[in-house]
Amino acid sequence: MPKTLKPETVDAIKTLAKRFPQPAGALLTSLRMAEREIGFVDAEVCGLVAECLGMPPAHVWGVFTFYTTFRKETDGKHVLWVCSTLPCALRGSERLYDYLSEKLGIKKDETTKDGLFTLKKAECIGACGTAPCMQVNDDYYENLTPEIIDQVIDDLRANQVPARHVTV
Ligand code: FES
């Protein structure tokens, strides 16, 4: 069945686009709006956004594929982004990434068999002062330790929002 965006999302994207000299100014935010509604972004979703903005689908696809942080259809319910940039790396993020990888039994960009977790490496997520950091969907977990990772994974498996987080 072809994907569609809700009329209110289409309206919101078109309204947003009017605030920019060029519709491309609204592209990233529009892709995020579509991602939140559909659950992921793919070529078809790019096409829907392109139609809303009156832009060539290839242009939208080019921007989408440049950024790595959009959810993919194959991603699990919770996407775990472990920061691997220098400040986090100096504070042990690689070790924590390996811990998480072993704990979940998956490697980079893989999803657990139950579809709950996808593991990814991120470039700086802008919380270097509280490195090492991990982003899970829209939530940040900072000053990360194996104990915090255990708590986050346990809480998410129990379908609970982990207590220690900062929402972005
Ligand atoms: S380097 Fe990890 S948040 Fe900036």
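Glutamate 35 is buried, at a relative accessible area of 8% (buried denotes under 20% relative accessible area, exposed over 50%, and partly exposed the range in between, with a 1.4 Å probe and protein chains only). The structure is a predicted model, in which local features need pLDDT of at least 70 and side-chain atom pairs count only at pLDDT 80 or more, while totals for chains, interfaces and linings use all residues. Residues are numbered from 1 along each chain as its sequence is written, and side-chain values use heavy atoms, with hydrogens and water left out.

Glutamate 35 forms a salt bridge with arginine 32, with 2.7 Å between the closest N and O atoms (a salt bridge is a side-chain nitrogen of Lys or Arg within 4 Å of a carboxyl oxygen of Asp or Glu). Both residues belong to helix H2 and are 3 residues apart, about one turn of the helix (helices are DSSP runs of H or I with at least four residues, strands runs of E with at least two, numbered from the N terminus). Arginine 32 is partly exposed, at 29% relative accessibility.

Helix H2 comprises 12 residues, 27–38, and spans 16 Å from its first C-alpha to its last, close to the 16 Å expected at 1.5 Å a residue (the expected span is 1.5 Å times one less than the number of residues). Its buried residues are Leu27, Ser30, Leu31, Ala34 and Glu35. These residues lie on the same side of H2, because they cover an arc of only 140° around the axis (the arc is taken from the directions from the helix axis to the C-beta atoms). An α-helix has 3.6 residues a turn, so residues three or four places apart point the same way. The cover over the buried residues of H2 includes helix H1 (7–17), helix H3 (43–53) and helix H4 (57–66). Glycine 39, with a positive phi near 105°, follows H2.

Threonine 9 is located in helix H1 and is buried, at 11% relative accessibility. When residues up to four places away in sequence are not counted, threonine 9 touches Met33 and Glu37 (contact means heavy atoms within 4.5 Å).

The salt-bridge criterion gives a count of 8. One of these joins aspartate 138 to arginine 36, with the closest N and O atoms 2.9 Å apart. Aspartate 138 lies in the loop between strand S3 (134–136) and strand S4 (139–141) and arginine 36 in helix H2, so the pair ties together parts 102 residues apart in sequence. Aspartate 138 is partly exposed, at 32% relative accessible area, whereas arginine 36 is exposed, at 61%.

A further salt bridge is formed by aspartate 75 and lysine 120, with the closest N and O atoms 3.3 Å apart. This pair links distant parts of the chain, 45 residues apart: aspartate 75 is in the loop between H4 and S1, and lysine 120 in strand S2 (residues 117–122). Aspartate 75 is buried at 13% relative accessibility, and lysine 120 is buried at 6%. Salt bridges with shared partners also join Lys3, Asp42 and Glu44 into one network.

Tyrosine 67 lies in the loop between H4 and strand S1 (78–83) and is partly exposed, with a relative accessible area of 35%. Together with Leu28 and Phe66, Tyr67 forms a nonpolar surface patch with about 310 Å² of accessible area.

Note on methods:
Patches are made of residues with over 30% relative accessible area and no salt bridge: like charges are joined within 9 Å, nonpolar side chains (Val, Leu, Ile, Met, Phe, Trp, Tyr) within 5 Å. Accessible areas come from the Shrake-Rupley method with a 1.4 Å probe; for residues, only the protein chains shown count as cover.
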